[in-house]
Amino acid sequence: MSRTKRRLIVVGGGAAGLMAAGRAAACGAEVLLLEKMREPGRKILISGKERCNITNAAPLERFLEAYYGRRGRFLRNAFHRFFRDELLALLHGYGVETQVERGGRIFPASGDAAAVRDALLRYALEHGAVLRTLAPVAELLREGDAVIGVRLESGERLSADAVILTTGGASFPGTGSTGDGYRMAEAVGHTLVPLRPALVPLRVKERARARAVQGVSLRNVRIAYFVRRAERFERLPPPAPLPPTGEMLFTHFGLSGPLVLSSSLAAVDALRRGEEVWLEIDLKPGMDEEAVRRRLQREFERFPHRRLPRLLRGWAPRKLADLLAAMSGIEGERPVHTIRAGERERLVRLFKHLRWQITDSLPMAAGMVTAGGVSLKEVDPYTFASRRVRRLYLAGEVLDIAADTGGYNLQAAFSGGYLAGEAAARGLGGRGG
Ligand SMILES: Cc1cc2nc3c(=O)[nH]c(=O)nc-3n(C[C@H](O)[C@H](O)[C@H](O)COP(=O)(O)OP(=O)(O)OC[C@H]3O[C@@H](n4cnc5c(N)ncnc54)[C@H](O)[C@@H]3O)c2cc1C
């Protein structure tokens, strides 16, 4: 009896894989979803502080910017076909109500990431996809210019009319995303854009200072990156536009918090190029230097006998006020009326240009996403089919896609997974099905 249904294997049951399996099965394919962990979607479960920031209410143009330039353009077609509204409609169909929060971030109204994972799993299973857990794939099997199946780590070989690779990135390996897909794609002829951690905390040279302010979190600050070129400091553009002001956090090793994470790839890439990198914090973005100067002077006149650390506590959290006072070089026991103009200038500079030299970032495992991956030039943006080998499709973080926080990474995985599932089920795209 001849088989009429296309037989597909989806490798990796994360955000992209669950969606791809569901869509492919809904399009009539016979789908086997192979997941190496005991359960699928573990990264979805920890996403958004276990509340899963599914997507964002921002306009499409903001989405495209959030993917760091060129990569955003690659996703334009996928978003045109399956975007936020389609995703939310699908989730609503499985009982997941959603709500929009600060910054347009969209979460399940229940506040539980498991609702999203479970809905996607039901979507796949109800359409007949078969899930096999504890089934790590070791290799894509290739014959000539086509992928014909996979080999599991156990040695078992499974054949398929097409394979969808959705193994995720290489960060937070405890979720199962250990970068296997990069090696598998490379082995069948794909090129990898170098892997780097993105959305990652940064380490600073001034460790003792960082420890002194460990745990201090700041709202409404502005940050900028600088590199030193030919003895001049040049400003580095962030990988995606940053909000004018935002939050950051000091840790025992350096800097973290939303503003720092969102822009960390700029520092990671500059360091990789061998450049010296500084991050500068503007603690008072609402005031220019002259306004800071005048306000300091007014307070010195109002409280002439106060000591500087105490006075600065009206300006910054206590630990940071103490650090700024120490960095100003003004002896702590001196009453502020003895502070000279040159000394006051040092304080002004500290408030407006508090510089930290970045030595490196935390390792890949600590990044929220992996930048780099399978080159987008080798993937068809209409079908997510490989342009290198036939019958292979790729979606999600295994591709050279990484975005800012805000729900953009999951939306990319869902949109790509949807398109890949549909195209693979119909045998479309790339160099033929
Ligand atoms: C702490 C944290 C919080 C995050 N929060 C958000 C958020 O709120 N919003 C957002 O948009 N993004 C968030 N992200 C990023 C987002 O979770 C990922 O970008 C997204 O999950 C990528 O989807 P994916 O399907 O490509 O990979 P994953 O979801 O990582 O899925 C890959 C799957 O493949 C499996 N796998 C890997 N190798 C093999 C193999 N050899 N054989 C079989 N299976 C394999 C893995 O076990 C895993 O289940 C967060 C990331 C982290 C680490």
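These legends accompany several close-up views of a predicted model.

Residue numbers start from 1 along each chain as its sequence is written. Because the model is predicted, local features need pLDDT of at least 70 and side-chain atom pairs count only at pLDDT 80 or more, while totals for chains, interfaces and linings use all residues; side-chain values use heavy atoms, with hydrogens and water left out.

**View 1. The shell around the ligand.**
Here you can look at the 36 residues around the ligand, of which Glu35, Ser177, Asp180, Glu397 and Leu410 come nearest. By type, the shell holds 16 nonpolar, 15 polar and five charged residues (nonpolar: Ala, Val, Leu, Ile, Met, Phe, Trp, Tyr, Cys and Pro; charged: Asp, Glu, Lys and Arg; polar: the others, Gly among them). At least two shell residues come from each of helix H1 (15-26), helix H2 (42-50), helix H7 (180-187) and helix H14 (408-426). Helices (H or I, at least four residues) and strands (E, at least two) are DSSP runs, numbered from the N terminus.

A polar backbone atom of Ala15 is 3.1 Å from a ligand oxygen, and one of Gly48 is 2.9 Å from a ligand oxygen. Of the 1,000 Å² that the ligand exposes when taken alone, the protein buries 96% (Shrake-Rupley accessible areas, 1.4 Å probe).

**View 2. Where the two domains meet.**
An automatic or database assignment sets the domain bounds, giving domain 1 (7-197 + 366-426) and domain 2 (202-361). Their C-alpha centres lie 39 Å apart. Twelve residues from domain 1 and ten residues from domain 2 take part in the contact (heavy atoms within 4.5 Å). Between them the domains bury about 920 Å², with 54% of it on carbon and sulfur atoms; buried area is the accessible area (1.4 Å probe) that two parts lose on being put together, summed over both. On the domain 1 side, Tyr68, Arg196 and Pro197 lose the most area to domain 2, together 51% of what that side buries.

**View 3. Two loop residues with positive phi.**
Most residues other than glycine have a negative phi. Leu134, though not a glycine, has a positive phi of about 50°; look for Leu134 in the loop between strand E6 (130-132) and strand E7 (137-143). Phe384 has a positive phi near 60° and sits in the loop between strand E19 (369-374) and strand E20 (392-394).

Key
Near = heavy atom within 4 Å. Polar contact = N/O pair within 3.5 Å; in protein donor to acceptor, adjacent residues only side chain to side chain.
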